[in-house]
Amino acid sequence: MNFTQLWVIISFFIVLVTYNRNNKLHRILLGILSINLINEIVCLILLYLKVNISLAYNINTFFHHSLWLIILFSIIKRKKVLTIVLPIFLAYGIINLFLFEGIQKFNYYTFIFGSFLYLIFFIWESFYRLKIEDLEFFLSNSYILIFAPVLFFFGLSVVFGFKSKELSDTIIFGNTRLYTVIGYFVNFVYYGLINVYIYREKKNKI
């Protein structure tokens, strides 16, 4: 078990114990962590059985990115835009899965495309809030939540964008690869901010 897998498990149980089942965003967040945890378990089993894990990660990308888009547009209150963006992402992912990158390979471009959609609307909303001087938005707990996956999406998209095993396997120090360093860092921030968000939600409720 590596650092990321352990962090996923810890974060899952933190959210499971503290989330408010009457809060839609909390339920979606728990869904994201549940999907990530299930994916890690399934992939460990598949690796043990020496079965290709690409399809499992591709399915995870579909659910993971879709749920984050739902969270983002729910918080910024642009659900009409979601009804356009989400189908576009899903359609692109399905076409890429069956016609281009395929089932037997990790679909880098689906991950990148979904990440790009999230980041572009996150940045656009952030600039819009600055323009109207809505500083409370940036201090809110909701902003922590929608910021949580930003480095995860950006960092991994940069690595995946090159589709270069040589680049990913570049040794940074000792036997530690570039992909490992970036992966550990973005996942630490990703799940760390989720934990901060749910902790503050619980604290504000008390």
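Which residues is Ile103 in contact with, leaving aside its neighbours within four places in sequence? Ser54, Leu55, Asn58, Leu97 and Phe98. Contact here means heavy atoms within 4.5 Å.

First, the ground rules. This is a predicted model, so local features need pLDDT of at least 70, side-chain atom pairs count only at pLDDT 80 or more, and totals for chains, interfaces and linings use all residues. Residues are numbered from 1 along each chain as its sequence is written, and side-chain values use heavy atoms, with hydrogens and water left out.

Now the fold. The protein chain has 10 helices and 2 strands. These are DSSP runs, numbered from the N terminus: H or I of at least four residues for helices, E of at least two for strands. In sequence order the pattern is α-α-α-α-α-α-α-α-α-β-β-α. The radius of gyration is 17 Å, close to the 17 Å that the globule rule gives for 206 residues, so the chain is as compact as a globular protein of that length. That radius is taken over C-alpha atoms, and the rule is 2.2 Å times the number of residues to the power 0.38. Along its principal axes, the C-alpha trace spans about 50 × 35 × 35 Å.

Contacts next. Take those with a separation of 6 or more: residues 24 or more positions apart account for 69% of them.

Then the surface. The chain exposes about 11,700 Å², and carbon and sulfur atoms supply 70% of that. The areas come from the Shrake-Rupley method with a 1.4 Å probe; for residues, only the protein chains shown count as cover. Of the 206 residues, 44% are buried. Buried means under 20% relative accessible area, exposed over 50%, and partly exposed in between, with a 1.4 Å probe and protein chains only.

The largest nonpolar core has 48 residues. Such a core is a set of buried Ala, Val, Leu, Ile, Met, Phe, Trp, Tyr and Cys residues joined through side-chain atoms within 4.5 Å. Those with the most contacts inside it are Trp68, Leu69, Ile71, Tyr118, Ile146, Tyr190 and Ile194. Several helices each supply at least two residues, including helix 1 (3-18), helix 5 (108-131) and helix 10 (178-205). The largest share, 8 residues, comes from helix 3. Take Ile71. Not counting residues up to four places away in sequence, Ile71 touches Leu25, Ile28, Leu29, Ile32, Leu145 and Ile146.

Back to Ile103. Ile103 sits in the loop between helix 4 and helix 5. Its relative accessible area is 33%, partly exposed. Ile35 is 68 residues away from Ile103 in sequence and 19 Å away in space, C-alpha to C-alpha.

Is His26 buried or exposed? Buried, at 3% relative accessibility. His26 belongs to helix 2. Beyond its neighbours within four places in sequence, His26 is in contact with Tyr19, Asn20, Tyr197, Ile198 and Glu201.

Finally, two backbone points. Lys77 is not a glycine, but its phi is positive, near 60 degrees. Lys77 lies in the loop between helix 3 and helix 4. Lys77 is exposed, at 70% relative accessible area. Glu133 also is not a glycine, and it has a positive phi of about 60 degrees. Its place is the loop between helix 5 and helix 6 (135-139). Glu133 is exposed, at 66%.
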